[in-house]
Amino acid sequence: MKKSNPPSSYDSSKTICIVQLNRFGDLLQTYQAAVQVKKYNPNITLKLIARKQFASDLIFLLKKAFDKVIMLDLKSILYKNSIENKLPRCLSQINSFVNSVNDENITVCVNLSYSKTSNWLCGMINASYKLGPYYDLSS
């Protein structure tokens with residue numbers, strides 16, 4: 001894993017993307033933290049990447065703290081592809097998801113999940129600064 005340098009100056013207009021792929025309780029704690037961040041930094045754009053199976057039931061709440069909630073449907077990607085084309089389709093869907101995230105112009109990516117899946121995902125996200133574990137895919 002690689003460490004990145006923090007932004008050289010504070011700018012409240014930056015976009016922070018939080019990756020939280022864990023369960024309901026973790027999403028609720030992330031929501032509470034996001035509410036406080038927005039309270040003291042209302043100009044910051046907050047985005048959340050969460051697993052669809054957990055975030056979809058909490059979307060009414062998450063939308064109150066996050067400017068955008070991006071749902072990762074891992075079940076669909078991993079289990080709904082036919083066995084013949086499973087790997088190429090999985091890779092294609094993952095690449096499509098990552099490309100759509102990278103279109104979001106993210107300044108800071110924060111990985112709160114601490115899992116191999118979130119480490120890989122954070123490694124693929126283009127951000128000026130990354131906080132938390134991620135795999136350096138450039139080497």
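User: Let's start with Phe 54: buried or exposed, and at what relative accessible area?

Analyst: Quick caveat: this is a predicted model, where local features need pLDDT of at least 70, side-chain atom pairs count only at pLDDT 80 or more, and totals for chains, interfaces and linings use all residues. Residues are numbered from 1 along each chain as its sequence is written, and side-chain values use heavy atoms, leaving out hydrogens and water. Buried means under 20% relative accessible area, exposed over 50%, and partly exposed in between (1.4 Å probe, protein chains only). By that cut-off Phe 54 is buried, at 7%.

User: How many aromatic pairs are there?

Analyst: Rings of Phe, Tyr and Trp (its six-membered ring) pair if their centres lie within 6.5 Å; planes under 30 degrees apart are stacked, over 60 edge-to-face, the rest tilted. By this rule the count is 2.

User: What kind of pair do Phe 24 and Phe 54 make?

Analyst: Their ring centres sit 5.2 Å apart. The planes are at 80 degrees, so the pair is edge-to-face.

User: And what about Trp 120 and Tyr 135, which kind of pair is that?

Analyst: Here the centres are 4.7 Å apart. With the planes at 45 degrees, the pair comes out as tilted.

User: How many disulfides does the structure hold?

Analyst: A disulfide is a pair of cysteine sulfur atoms within 2.5 Å. For Cys 109 the closest cysteine sulfur, in Cys 122, is 3.7 Å away, so that's too far for a bond. The disulfide count is 0.
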